[in-house]
Structure formats: C-alpha cells, structure tokens
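Subject: Structure for your review

Dear colleague,

Please find below the structure that I am handing over to you. My findings follow it, arranged by region.

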Amino acid sequence: MYNSFYLFISSSPVAIPGRHFPVQQKAARKQEQWPEKEKNMGSLTNKQPRVFSVHHGNALPPCTRAHQIGALLLVSATFFLTRLFHQSFSPCTATSFGGDLGSSDSPSLVRVSDAGYLSWPNRGYGSALSLKIYVYEETEIGGLKELMRGRDGKISAEACVKGQWGTQVKIHKLLLKSRFRTRRKEEADFFFVPTYVKCVRMMGGLNDKEINQTFVKVLSQMPYFRRSGGRDHIFVFPSGAGAHLFRSWATFINRSIILSPEGDRTDKKDITAFNTWKDIIIPGNVEDGMTVKKPTTVEPLPLSKRKYLANYLGRAQGKAGRLKLIEMSKKFPDKECVPVILSDQAEFPFQNVIDYSQISIKWPSSRIGPELLDYLESIPERDIERMIANGRQIRCLWVYGSESQPCSTMQGILWELQRKVRQFHQSHETFWLHHQTIVNRNLVEFSKWEPPMPLP
C-alpha cells in the first residue's frame with residue numbers, strides 16, 4: 001500500500017522584523033535641591049512605608065494589610081470568573097492548524113475558526129483590517145494603458161486572466177471592488193499600479209525595450225511615487241521572471257512593494273528582485289473552476305486505497321534532479337496529497353504566519369533519488385493524514401476570491417500589506433519645512449509638482 005505525495009520543484013515573505021524602542025536617560029536632580037516634603041513623597045529612594053487610605057468627608061481608618069490582601073483576592077477572583085464566562089459563551093472557537101504539534105497556540109500563526117473564518121495574528125498586524133488603497137486608472141497616467149493592453153490596445157483583461165499570469169488581472173479587479181479602495185490619493189496608505197506586462201509581452205503587445213521605456217514614462221508622471229521613492233506603491237509581477245520583466249527595476253522600483261508567486265528566481269547576473277523585508281510572495285493563479293466544489297466533484301480516496309506513492313508536478317528544463325524525478329515517476333506512475341518541496345531556495349506565500357512544516361515536507365534537492373522514495377514510504381499513515389488535514393484547513397488562502405469571503409488569498413494579501421503601512425513618506429528627493437510642508441530639492445511644494453518629474 002502506498003501513500004500519496006506531490007513532488008514540487010517550484011516557488012514567503014519574511015520573518016517579522018524586531019521592534020526597537022528608544023530609551024532616553026535623564027540626569028537625576030541632586031537630592032538636596034528638593035524640599036524635604038517632596039523628597040518623602042516622590043523620591044525613588046524613599047524607604048518609608050506609605051499608608052493608602054480613602055479620603056471622604058469624615059476621616060476613616062487607614063487601609064490595613066488585611067484590607068489589601070482582601071482586595072487582591074477580590075481582583076483575582078473577578079479576573080478568573082471573567083475568563084471563565086468569556087470561554088463559555090464564545091460564539092465560535094478559532095483554532096490554528098497543527099493540532100498535536102505543540103505550536104497551535106502560537107500568537108504568530110494564522111488561525112481558522114470551525115466555521116471557516118480567517119483570523120490573522122494580532123502581533124505586528126493589528127486586530128482588524130484598516131487600510132486605504134488607491135488604484136490608478138489606466139487612462140489616468142500616460143503609458144499605463146499600453147502596459148495593460150499593448151501598444152495597439154487590443155489585448156483584453158479576459159485574455160490575460162487565465163494561466164499563471166492571471167493573478168495580475170485578478171488582484172486588480174478585486175481591488176477595484178474592495179471596500180478598502182479610496183479615490184482620494186491624499187488619504188491612501190498604498191497606491192496600486194495595474195500592469196499586465198507578462199501577458200502583454202507573451203502576446204506580442206510590447207517587447208522588452210518598449211516595456212522598459214513605458215514603465216519609466218509612467219513612473220515619471222506619478223508625484224506620489226516620487227514623494228515616497230515608491231515605498232508605498234504596489235506592483236504585481238506574476239511569473240518566475242518577477243520584476244526582471246522591467247529591466248530597470250533595480251533603478252526605479254527597488255523600494256516598491258512587489259507581489260510575485262516566486263522569490264527564488266534570478267537574472268543572468270544571479271540577482272534576485274525579491275526582498276524578504278518589503279515584498280510579498282502570493283499564491284500562483286489557480287483556475288476558478290478548480291476551486292469551486294461541485295456536486296460532481298470526486299472525493300479523494302482514503303490513504304489505504306491509494307495505489308501510488310507520489311506524483312511529480314513540474315518541468316524537466318534539462319536539470320539533472322528533475323530528470324531523475326521524471327525517471328522515477330515511471331516506476332511510481334492525486335487528489336489531496338502532502339507537498340514535497342524539492343527547491344532549496346523556494347519562498348512561500350504567507351510564510352511568516354503559516355508553519356509549512358505542519359503541511360509539507362522540504363527535501364534537499366541534492367539528495368533526490370531512491371532515498372527520497374524510501375523516506376516517503378516510511379512515514380506513518382497517521383502523520384500523512386494529519387498533514388493533509390492541516391493543509392485542508394488553510395487551502396482557502398490559495399483561492400483568489402473576494403474579500404467578503406471568510407477566507408481567501410485577497411484577505412491574506414491585505415493583511416500582509418497592513419503590516420507595511422507607513423505613517424510618514426519620504427525619499428532622498430523629498431524634503432520638508434517647519435510647518436510640515438513637503439517640498440522637492442528646489443523647495444517647490446508637493447501640491448505644485450508637475451510631471452514629468454525626475455525619478456528618485
């Protein structure tokens with residue numbers, strides 16, 4: 001009897017950065033500068049016991065030690081009773097996946113309620129989504145339409161929504177309908193720049209040189225981009241090439257937030273466009289028809305009835321490890337399976353709030369061979385079932401549904417963006433005066449900046 005796994009050679013953002021709180025030290029005043037009465041009342045070195053009493057119209061007896069102990073007992077009893085009633089009458093129980101792994105109560109992990117509602121961790125994110133995103137209109141900026149429709153304007157969004165590149169269209173359309181969208185730039189936390197460049201390039205709408213020139217043209221017409229150096233602007237690059245589709249990305253959008261399904265790809269100089277501290281790894285596009293459960297949907301076989309050990313997902317691309325996997329797959333010619341990741345540099349969606357060790361296996365690509373298959377065969381069936389169950393709880397995060405759904409990719413992206421909200425915007429081409437007026441290097445006020453502008 002064989003168990004089932006998916007073998008991936010594929011494509012999260014990042015650990016939560018530490019928080020630093022500055023401590024200012026003040027020189028202590030000399031003790032002899034204080035009057036004697038003030039020294040007794042406020043000195044940190046005063047050793048005299050202080051009596052706490054209630055002051056009313058008539059003098060009352062002082063609060064004794066017995067009173068203090070009684071008050072502490074009352075506070076403690078009130079606290080525990082409050083917690084007891086809160087747990088007894090909670091409308092739904094939110095549990096993070098992981099069960100018996102011991103980390104299910106971690107405040108840093110995403111949680112899914114019994115009713116399927118997503119709950120992001122409070123630490124670093126806040127208790128509720130509260131952000132405003134401005135979405136540029138395609139006719140608002142000269143050149144933006146070309147990055148979406150091609151030089152002739154003949155490429156449609158419908159033609160670009162299918163396949164791996166569909167995320168660039170889906171995210172754009174979902175943000176247009178989002179309750180977090182604002183039409184006022186001055187109140188926006190983020191600015192979303194819609195481009196379909198991967199699709200446009202593959203369909204012959206623009207070549208690499210035209211894409212580069214058009215991007216620079218678009219960015220030079222965005223005062224808010226220059227104000228922040230692009231730090232609050234969002235771009236989607238939906239393929240393994242990532243931001244490298246824009247050849248001058250390192251010069252112009254190296255501070256911007258990039259959404260991409262793969263963070264391990266590099267260019268010919270072995271330089272990656274993905275930065276774990278600012279960018280977000282998003283799930284790859286899945287066809288809508290595959291994410292909707294229908295009456296005719298075939299339920300996965302129980303593990304005891306599965307015939308094959310593993311199924312390989314990926315392309316050979318002439319690489320030795322992949323060719324070896326394909327050869328082995330002929331010996332072990334999929335429904336719900338445990339992902340086995342064979343890409344050492346891979347980054348994963350929402351990795352800072354999902355413990356991937358609870359839902360997948362990552363195996364060194366240098367050890368692909370019979371040893372891998374022997375290991376997979378040795379895993380107890382109960383452990384496989386546990387990992388499949390854990391993955392089942394959070395698979396909704398791989399579905400590009402509307403934010404009104406209890407759990408979706410879009411909700412995850414919004415939570416990750418919220419952690420990146422900046423209250424202050426500046427770049428090395430942005431300056432400010434004593435009355436909080438933002439100016440450029442020539443002391444021209446921000447409201448008077450006119451395109452085209454030199455880019456930061």
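The protein has 14 helices and 15 strands. Please bear in mind that this is a predicted model. Of its 456 residues, 42% count as buried. The accessible surface amounts to about 26700 Å², and carbon and sulfur atoms account for 54% of that area.

The sheet

Six strands form an open sheet with parallel pairing, in the order β6-β5-β7-β8-β9-β10. Its edges are taken by β6 (181-182) and β10 (280-281); each of these has a single partner strand, so one side of each is left without a neighbour in the sheet.

On one side, β8 (residues 233-236) is joined to β9 by 3 bridges, and the two run parallel. In this pairing, Val236 stands opposite Leu259 of β9. Strand β9 (residues 257-260) is also joined to β10, by 2 bridges and again in parallel. Here Leu259 stands opposite Ile280 in β10, while Ser260 has Ile281 of β10 as its bridge partner.

Which residues cover the two faces of β9? Ile257 and Leu259 lie on one side, with Ile258 and Ser260 on the other, and all four are buried. Each of them therefore has a relative accessible area under 20%.

A helix pair

Helix α5 (residues 167-176) packs with helix α14 (residues 409-418) at an angle of about 75°, their axes being 11 Å apart. The angle makes α5 roughly perpendicular to α14, because values of 65 to 115 degrees fall in that class. The contact brings Ile171, Leu174 and Leu175 of α5 together with Met410, Ile413 and Leu414 of α14. By class, it holds 6 nonpolar residues, with no polar and no charged ones.

Two residues in helices

Lys145 belongs to helix α3 (residues 144-149). With a relative accessible area of 40%, Lys145 is partly exposed. Leaving aside residues up to four places away in sequence, Lys145 touches Glu138 and Gly150. The C-alpha atoms of Lys145 and Tyr196 are separated by 9.5 Å, and the two residues lie 51 residues apart along the chain.

Asp383 is located in helix α13 (residues 381-394). Asp383 also counts as partly exposed, at 23% relative accessibility.

Positive phi values

Where in the chain does Gln436 lie? Gln436 is placed in the loop between β14 (431-432) and β15 (438-439). Its phi is near 70°, a positive value. Gln436 is exposed, with a relative accessible area of 72%.

Leu443 is found in the segment after β15. The phi of Leu443 is near 65°, likewise positive. At 58% relative accessibility, Leu443 counts as exposed, because the class begins over 50%.

Yours sincerely

How values were computed: Residues are numbered from 1 along each chain as its sequence is written. This is a predicted model: local features need pLDDT of at least 70, side-chain atom pairs count only at pLDDT 80 or more; totals for chains, interfaces and linings use all residues. Side-chain values use heavy atoms; hydrogens and water are left out. Buried means under 20% relative accessible area, exposed over 50%, partly exposed in between (1.4 Å probe, protein chains only). Accessible areas come from the Shrake-Rupley method with a 1.4 Å probe; for residues, only the protein chains shown count as cover. Axes are lines fitted to C-alpha atoms, for helices over the stretch in contact, and angles run from 0 to 180 degrees between N-to-C directions. Angles under 35 degrees count as roughly parallel, over 145 as roughly antiparallel, 65 to 115 as roughly perpendicular and the rest as oblique. Contact means heavy atoms within 4.5 Å. Ala, Val, Leu, Ile, Met, Phe, Trp, Tyr, Cys and Pro count as nonpolar, Asp, Glu, Lys and Arg as charged, and the others, Gly among them, as polar. Two strands pair if DSSP finds at least two bridges between them.
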